[in-house]
Amino acid sequence: MAASARFERFTLAGIAALHLGVGLTHTYGHVAADVPIPAVQQAYIVIVVTLMPLAAVWLAFRRSVRLGAALFAASMYASFVFGYLLHFVIDSPDLHSNVVGDGAGVFFHTALSLALIEFVGFAIGLVAAVRRIR
């Protein structure tokens with residue numbers, strides 16, 4: 001295995017693990033702040049935000065770094081847009097400024113952390129996928 005492929009695989013895996021950990025902590029923030037997650041959003045979170053990055057890492061290790069990186073970039077982009085809109089733009093119970101109480105700090109900081117991780121994950125996944133095309 002080439003050193004660059006190994007680096008890309010383990011970088012994607014590291015970002016996915018960090019994303020999963022912060023995502024689980026953000027879920028705790030939802031519970032602590034009493035911010036409900038509607039069923040449609042729950043399905044999106046499970047499929048796109050949680051499972052797609054893990055499937056992408058699996059693809060990168062087992063099949064194709066390029067395909068895995070492309071799926072990873074797509075999942076991180078979709079997760080970023082979803083979370084950014086819900087936590088920082090749209091006036092809803094998910095908007096960080098509407099969340100008050102004991103869990104508000106955890107909610108805000110994990111939402112911000114997820115946005116940063118997802119943006120970086122998108123960029124790194126995209127670069128890895130495009131580099132592999134050449």
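## Helices and the nonpolar surface patch

Helices here are DSSP runs of H or I with at least four residues, numbered from the N terminus. The structure described is a predicted model. Two of its helices, helix 1 (3-32) and helix 2 (39-62), each supply at least two residues of a nonpolar patch. Helix 2 gives the most to the patch, with four residues.

## Nonpolar cores

The largest nonpolar core has 14 residues, and Leu-12, Val-57, Ala-69 and Phe-72 touch the most other members. Helix 1, helix 2, helix 3 (65-89) and helix 4 (104-133) each supply at least two residues of this core. Apart from this core lies another, of five residues, among them Val-35, Val-99, Ala-104 and Phe-107.

Which residues are in contact with Val-57, leaving aside its neighbours within four places in sequence? They are Leu-12, Ala-13, Ala-16 and Phe-72. Leu-12 and Phe-72 are also listed with Val-57 among the core residues that touch the most other members.

## Gln-41

Gln-41 has its place in helix 2. Is this residue, Gln-41, buried or exposed? Its relative accessibility is 18%, so Gln-41 counts as buried; the cut-off for buried is under 20%. Not counting residues up to four places away in sequence, Gln-41 touches Phe-82, Leu-86 and Asp-94.

## The salt bridge

Side chains of opposite charge can pair when their charged atoms come close. The structure holds one salt bridge. In it, the side chains of Arg-131 and Glu-8 meet at 3.1 Å, N to O. Arg-131 lies in helix 4 and Glu-8 in helix 1, so the pair ties together parts that are 123 residues apart in sequence.

The two partners fall into separate accessibility classes: Arg-131 is partly exposed, with a relative accessible area of 43%, whereas Glu-8 counts as buried, at 8% relative accessibility.

Conventions. Residues are numbered from 1 along each chain as its sequence is written. This is a predicted model: local features need pLDDT of at least 70, side-chain atom pairs count only at pLDDT 80 or more; totals for chains, interfaces and linings use all residues. Side-chain values use heavy atoms; hydrogens and water are left out. A nonpolar core is a set of buried Ala, Val, Leu, Ile, Met, Phe, Trp, Tyr and Cys residues joined through side-chain atoms within 4.5 Å. Buried means under 20% relative accessible area, exposed over 50%, partly exposed in between (1.4 Å probe, protein chains only). Contact means heavy atoms within 4.5 Å. A salt bridge is a side-chain nitrogen of Lys or Arg within 4 Å of a carboxyl oxygen of Asp or Glu.
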